[in-house]
Amino acid sequence: AGLSAPGAQAGPDAIRVRLETALGAFEVELDAARAPITTANFLKYVDGGFYDGGRVHRSARLETQAERPVKIEVIQAGINTERRKDAFPAIPLERTSVTGVLHKDGTISMARSGPDTAVSDFFICIGDQPSLDFGGARNPDGQGFAAFGRVVAGMDVVRGCVGRGRHWGARDHGHGRRFRMPSAAGGGCAPGARAGTGWPGRTTA
């Protein structure tokens with residue numbers, strides 16, 4: 001089966017990942033040209049099945065950040081906790097001042113603590129989040145976060161995950177990989193992932 005992403009401006013080398021949740025599916029398009037390190041890292045986890053049994057474990061909403069001077073709105077997901085021991089080394093931070101991939105509505109980006117510490121957790125922006133770009137004040141170091149793609153279909157599903165983090169099943173990527181997220185008890189937002197086959201134009205980073 002092929003990918004379907006209405007309205008997406010996908011070139012022949014675009015890499016897309018379809019995420020299927022208990023609330024529906026959404027697709028992200030990864031920007032390997034401008035953020036090659038971050039994209040390659042994400043795809044290693046996808047292809048390795050690390051997100052199978054992972055979860056959306058955080059949704060940052062304005063009303064839950066009263067103590068934070070700089071507030072953001074995102075959902076954050078991570079790999080299956082049983083696979084953490086097998087995680088790959090942290091990657092260098094690809095700053096938005098270099099890549100030009102900014103934190104807009106639907107941007108997918110890597111979570112981190114200090115610079116060069118991102119491993120496997122990623123988040124998706126709900127609305128524009130300029131404080132997450134280089135020079136932004138969300139992280140005191142001002143280095144920002146590594147954005148590497150955007151949601152091209154199903155943003156309503158992403159918004160539906162806010163406040164409903166549950167176990168994921170899996171994801172897929174790209175012009176040729178897909179993940180599935182099994183239904184979660186209580187109707188939560190849950191992924192499941194399997195590397196898909198038979199998708200046209202499959203590319204790897």
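Colleague: Phenylalanine 42 and tyrosine 51: buried or exposed?

Modeller: Both phenylalanine 42 and tyrosine 51 are buried. Buried means under 20% relative accessible area, exposed means over 50%, and partly exposed is in between, with a 1.4 Å probe and protein chains only.

Colleague: Before we go on, what sort of model is this?

Modeller: It is a predicted model: local features need pLDDT of at least 70, side-chain atom pairs count only at pLDDT 80 or more, and totals for chains, interfaces and linings use all residues. Residues are numbered from 1 along each chain as its sequence is written, and side-chain values use heavy atoms, with hydrogens and water left out.

Colleague: Fine. How many aromatic pairs does the structure hold?

Modeller: Nine. Rings of Phe, Tyr and Trp (its six-membered ring) pair if their centres lie within 6.5 Å; planes under 30 degrees apart are stacked, over 60 edge-to-face, and the rest tilted. Phenylalanine 42 and tyrosine 51 make a tilted pair, 5.7 Å centre to centre with 45° between the planes.

Colleague: And how does phenylalanine 42 sit against phenylalanine 148?

Modeller: Their ring centres are 5.4 Å apart and their planes meet at 55°, so that pair is tilted. Phenylalanine 42 is in helix α1 and phenylalanine 148 in strand β7 (residues 146-153), so the pair ties together parts 106 residues apart in sequence. Helices (H or I, at least four residues) and strands (E, at least two) are DSSP runs, numbered from the N terminus.

Colleague: What are the relative accessible areas there?

Modeller: Phenylalanine 42 has 1%. Phenylalanine 148 has 0%. Both values count as buried.

Colleague: Which residues form the aromatic cluster?

Modeller: Phe42, Tyr45, Phe50, Tyr51, Phe88, Phe122 and Phe148 form one cluster.

Colleague: Back to helix α1. What span should it have?

Modeller: Helix α1 (residues 36-47) has 12 residues, and at 1.5 Å a residue it should span 16 Å. Its end C-alpha atoms are 16 Å apart, so the two agree. The expected span is 1.5 Å times one less than the number of residues.

Colleague: Which α1 residues are buried?

Modeller: Thr38, Thr39, Asn41, Phe42, Leu43, Tyr45 and Val46. Just after α1, glycine 49 takes a positive phi of about 75°.

Colleague: New topic. Which arginine lies over phenylalanine 50?

Modeller: Arginine 83 lies over the face of phenylalanine 50, 3.8 Å from the ring centre. The charged end of arginine 112 sits over the ring of phenylalanine 145, 4.9 Å from its centre. The rule wants NZ of Lys or CZ of Arg within 6 Å of the ring centre and within 35 degrees of the ring normal.

Colleague: Where is arginine 112, and is it buried or exposed?

Modeller: Arginine 112 is in the loop between β5 and β6. It is buried, with a relative accessible area of 13%.

Colleague: What lines the largest cavity?

Modeller: Thr38, Ile91, Pro92, Leu93, Met110, Arg112, Asp116, Thr117, Ala118 and Ala146. The largest cavity has a volume of about 30 Å³. On a 1 Å grid over the protein atoms alone, a cavity is a set of points where a 1.4 Å probe fits but cannot get out; a pocket is an open set with protein on both sides within 12 Å along at least five of seven lines; lining residues have an atom within 4 Å of a point. Points are joined across faces, edges and corners, and the volume is the space filled by probe spheres set on them.

Colleague: And the second largest pocket, what is its volume?

Modeller: About 160 Å³. Its lining includes Arg58, Arg68, Arg112, Arg138 and Phe145.

Colleague: Last one. How many helices and strands?

Modeller: Three helices and eight strands. Along the sequence the pattern is β-β-α-β-β-α-β-β-β-α-β. Of the 205 residues, 51% count as buried.
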